[in-house]
Amino acid sequence: MLYLIQIGFFTITFWDILDIIIVGFLLFQIYKLLKGSLGFNIFIGLVLVYIAWRIVSVLEMPLLSSILGQFVSVGMIALLVLFQPEVRRFLLFVGQGSLQTRFKFLQRFFKQNQSLENHNLLREQAIQAIITATEAMVESQTGALMVFTSSPNLEGLYSSGVMVNGDVSAQLILSIFNKDSPLHDGALIIKDGKIVAASCVLPVSDRPDIPQRLGLRHRAAVGISENTNIMVFVISEETKKIAYARGGEILEDIAIGKMRQLLEKILFVT
Ligand SMILES: Nc1ncnc2c1ncn2[C@@H]1O[C@H](COP(=O)(O)OP(=O)(O)OP(=O)(O)O)[C@@H](O)[C@H]1O
């Protein structure tokens with residue numbers, strides 16, 4: 001036996017301490033459950049009877065001890081009957097607590113996996129939507145300017161256009177760049193996989209080395225990509241070619257497969 005304190009015949013062991021802590025915890029939980037209810041007074045009454053029984057037992061008063069003893073043992077059954085709803089609540093609380101802790105890790109693991117799967121699915125859908133819209137615009141010789149960013153400091157740019165705040169879909173992109181749409185002029189801005197704004201005016205690059213054949217749409221793509229981490233795709237209305245601008249440089253006439261590869265690299269990568 002592991003003795004912690006021993007004063008003459010009076011000894012306290014480690015198990016006594018643990019016993020007191022557990023009983024204290026259980027009494028506190030019962031107090032929390034019954035606080036404010038009528039059952040609280042009954043509970044206090046029963047606790048007092050129990051304490052009295054323990055005292056008379058220690059003092060070796062047999063008659064009183066056996067009466068109170070009977071009362072306490074019948075009292076246990078009465079307690080269960082009287083506090084049936086509270087006991088149920090208590091057991092539910094104990095069971096729920098331990099189950100929750102046990103499964104918390106698994107829940108977190110599955111949640112993380114699920115959100116990663118959702119993220120990848122959304123990303124794949126967004127890339128496919130942009131590719132589908134691009135193919136359709138190339139086919140119909142529709143000019144387009146699409147800006148991709150994750151920078152939070154572009155408010156100035158949005159203010160020149162119209163806020164959209166929509167999910168990326170081929171239909172939405174095609175409707176925006178449709179020649180009859182009031183939003184077709186200017187740039188579409190996609191931030192973190194969302195279409196944030198359309199019809200935005202971009203700063204035009206004045207670099208002298210940009211080929212003369214490239215007009216304002218391409219120069220605006222180069223302009224916004226200079227000194228920023230912004231990537232831009234341009235679809236030429238005139239030549240039906242796709243161009244890609246980044247870091248102030250422009251790659252003309254990229255294949256649709258190359259565009260998909262670039263989108264996979266830049267579009268809300270985790
Ligand atoms: N500063 C700008 N910001 C955003 N979009 C612009 C800007 N300047 C021009 N554009 C867009 O470019 C269109 C004009 O394109 P323009 O023909 O001059 O350019 P381009 O580079 O030759 O393109 P394309 O090959 O499609 O003709 C405008 O209708 C407008 O939609």
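R213 is where I'd like to start, everyone. Its relative accessible area is 61%, so R213 is exposed. Please keep in mind that we are looking at a predicted model.

Who is the partner of R213? The side chain of R213 meets that of E252 in a salt bridge, at 2.6 Å from N to O. E252 has a relative accessibility of 31%, so E252 counts as partly exposed.

That is one of seven salt bridges in the structure. Another joins the side chains of E124 and R260, with 3.8 Å from N to O. E124 belongs to helix α4 (residues 84-139) and R260 to helix α8 (residues 256-266), so this pair ties together parts that are 136 residues apart in sequence. Both ends are partly exposed: E124 at 36% relative accessibility, and R260 at 24%. There is also a network of salt bridges linking R207, D209 and E249.

A further pair takes us to the ligand. R217 and E237 meet through their side chains in a salt bridge of 3.0 Å, N to O. R217 is in helix α7, while E237 is in the loop between β7 (231-235) and β8 (242-246), so parts 20 residues apart in sequence are tied together.

Now, what does E237 do at the ligand? One of its backbone N or O atoms lies 2.7 Å from an oxygen atom of the ligand. On its own the ligand has 630 Å² of accessible area, and the protein covers 78% of that.

In total, 15 residues surround the ligand. Seven of the shell residues are nonpolar, four polar and four charged. Helix α7 (residues 216-225) gives the most to this shell, with four residues.

Last stop, helix α2. A nonpolar surface patch of about 730 Å² includes I44, L48 and Y50 among its residues, and helix α2 (residues 39-58) supplies the largest share, five residues. L48 is in that helix, and its 53% relative accessibility means that L48 counts as exposed. W53 is in helix α2 as well, but W53 is partly exposed, at 21%. Thanks, all!

Methods. Residues numbered from 1 in each chain as written. Predicted model: local features only at pLDDT ≥ 70, side-chain atom pairs only at ≥ 80, totals over all residues. Heavy atoms only, no water. Patch = residues over 30% accessible without salt bridge, like charges linked within 9 Å, V, L, I, M, F, W, Y side chains within 5 Å. Areas by Shrake-Rupley, 256 points an atom, 1.4 Å probe, with all protein chains shown as cover. Salt bridge = Lys/Arg side-chain N within 4 Å of Asp/Glu carboxyl O. Helix = DSSP H or I, 4+ residues; strand = E, 2+ residues; numbered from the N terminus. Buried < 20%, exposed > 50% of the residue type's maximum accessible area, 1.4 Å probe, protein only. Near = heavy atom within 4 Å. Polar contact = N/O pair within 3.5 Å; in protein donor to acceptor, adjacent residues only side chain to side chain. Nonpolar A, V, L, I, M, F, W, Y, C, P; charged D, E, K, R; others polar.
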